[in-house]
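Please look over the model below with the sequence beside it.

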Amino acid sequence: MFEKFKSPTLFFSGGRDSLATLLFLRPYWHEITVAWSNSGASPQSMVDYMASIAARVPNFVELRGNQPAWIRANGWPVDVVPVESTAANHGAVVRTIQFAPRTSCCGANMWEPLQRYIQTNRPTLVITGQRLDEVLRNRQRDGEFTKSTDGVTYWNPINAWDETQVMAYLREQGEPLPPGYADGATKSVDCWNCTAYVEHNAERYASMQRNEPEKWEQIHSVLRELGERLRIESKPLFDLIGA
Ligand code: SF4
């Protein structure tokens with residue numbers, strides 16, 4: 001199937017969409033490499049899950065970020081950044097808790113390892129589980145096939161599926177959902193301590209609050225500080241526009 005491509009690789013996040021894609025490709029597993037980008041803060045349940053996937057497929061590679069070190073240097077990832085509490089705001093009071101855009105954190109710890117993999121191994125086909133109706137998706141890769149400027153073809157085999165189809169397919173395959181979904185996650189759980197993607201993590205936070213209160217306290221204290229900083233820093237704007 002992949003004769004015309006060099007080193008075809010599936011970027012596998014451990015979310016239900018990438019799992020459906022992996023199962024969809026089952027007849028071709030011997031032809032592809034499954035690559036997982038471990039941020040360096042993956043929950044143990046995901047590490048164990050990936051070990052089980054690695055035992056099932058012929059070719060599996062784990063790529064590594066270093067999210068804990070990155071957060072120490074740059075701040076906690078957030079959806080909305082209070083600028084006065086960032087590492088880049090050199091003129092300001094240095095605050096104990098600093099924040100950074102989630103895109104920078106995911107970029108450094110999840111996406112750069114994948115880019116390094118591409119630069120090192122030069123696959124000409126990268127397969128992903130991206131779907132067109134997802135909110136969190138790479139819009140440059142919309143469509144079943146796209147080609148990047150460096151000559152890599154991206155293939156999203158389940159591009160046109162919706163969430164119901166994915167769930168039905170996994171049931172039909174008799175495949176349990178990856179870690180996190182039973183706790184209410186709606187996407188792959190990349191980092192146990194992520195303080196961004198709050199909209200998608202709300203159910204998971206609630207589960208953590210019930211089952212792992214000491215972990216929840218670490219996250220909650222960061223979110224509390226974030227809420228306070230956003231309230232202070234956004235007040236002049238809301239006063240101005242009368243909102
Ligand atoms: S999921 Fe959250 S903590 Fe993990 S790399 Fe992305 S922004 Fe950072």
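## Thr120 in helix H4

Thr120 is placed in helix H4, where helices (H or I, at least four residues) and strands (E, at least two) are DSSP runs numbered from the N terminus. Because Thr120 has 9 C-beta neighbours inside 10 Å, Thr120 counts as exposed; a residue is called buried if 20 or more other C-beta atoms lie within 10 Å of its own, exposed if 12 or fewer, and partly exposed in between, with the C-beta atoms placed from the backbone. From C-alpha to C-alpha, Thr120 and Val83 are 36 Å apart in space, and in sequence they are 37 residues apart.

This is a predicted model, in which local features need pLDDT of at least 70 and side-chain atom pairs count only at pLDDT 80 or more, while totals for chains, interfaces and linings use all residues. Residues are numbered from 1 along each chain as its sequence is written.

## Residues in the loops

Arg122 lies in the loop that runs between H4 and strand E6 (125-127), and its phi is near 50 degrees, which is a positive value in a residue other than glycine. Is Arg122 buried or exposed? Arg122 is exposed, because 12 other C-beta atoms lie within 10 Å. Tyr197, in the loop between H5 and helix H6 (198-211), also has a positive phi, near 50 degrees, without being glycine; with 19 other C-beta atoms within 10 Å, Tyr197 is partly exposed.

Pro157 is found in the loop between strand E8 (153-155) and H5, and it counts as partly exposed because it has 17 C-beta neighbours inside 10 Å. If neighbours within four places in sequence are left aside, Pro157 is in contact with Thr21, Phe24 and Ile127, where contact means that the C-beta atoms of two residues, placed from the backbone, lie within 7 Å. Pro157 and Asn59 are 98 residues apart in sequence, and their C-alpha atoms are 20 Å apart in space.

## Helices H1 and H5

Helix H1 (residues 16-24) packs with helix H5 (residues 163-172) at an angle of about 50 degrees, and their axes are 10 Å apart; axes are lines fitted to C-alpha atoms, for helices over the stretch in contact, and angles run from 0 to 180 degrees between N-to-C directions. H1 is therefore oblique to H5, since angles under 35 degrees count as roughly parallel, over 145 as roughly antiparallel, 65 to 115 as roughly perpendicular and the rest as oblique.

On the H1 side, Arg16, Asp17, Leu19 and Ala20 meet Val166, Tyr169 and Leu170 in H5. By class, this contact of H1 with H5 has five nonpolar, no polar and two charged residues, where Ala, Val, Leu, Ile, Met, Phe, Trp, Tyr, Cys and Pro count as nonpolar, Asp, Glu, Lys and Arg as charged, and the others, Gly among them, as polar.

## Helices H3 and H4

The axes of helix H3 (residues 67-74) and H4 cross at roughly 140 degrees and come within 10 Å. Gln67, Trp70 and Asn74 of H3 make the contact with Ser104, Cys105, Ala108 and Asn109 of H4, and by class the contact has three nonpolar, four polar and no charged residues.

## Around the ligand

Which helix gives the largest share of the shell around the ligand? That share, five residues, comes from helix H4 (residues 102-121). Among the residues around the ligand are Arg102, Cys105, Cys106, Asn109 and Met110, together with Ser39, Gln67 and Asp190, where a residue is near a molecule if its C-beta atom, placed from the backbone, lies within 6 Å of it. By class, the shell has seven nonpolar, three polar and two charged residues.
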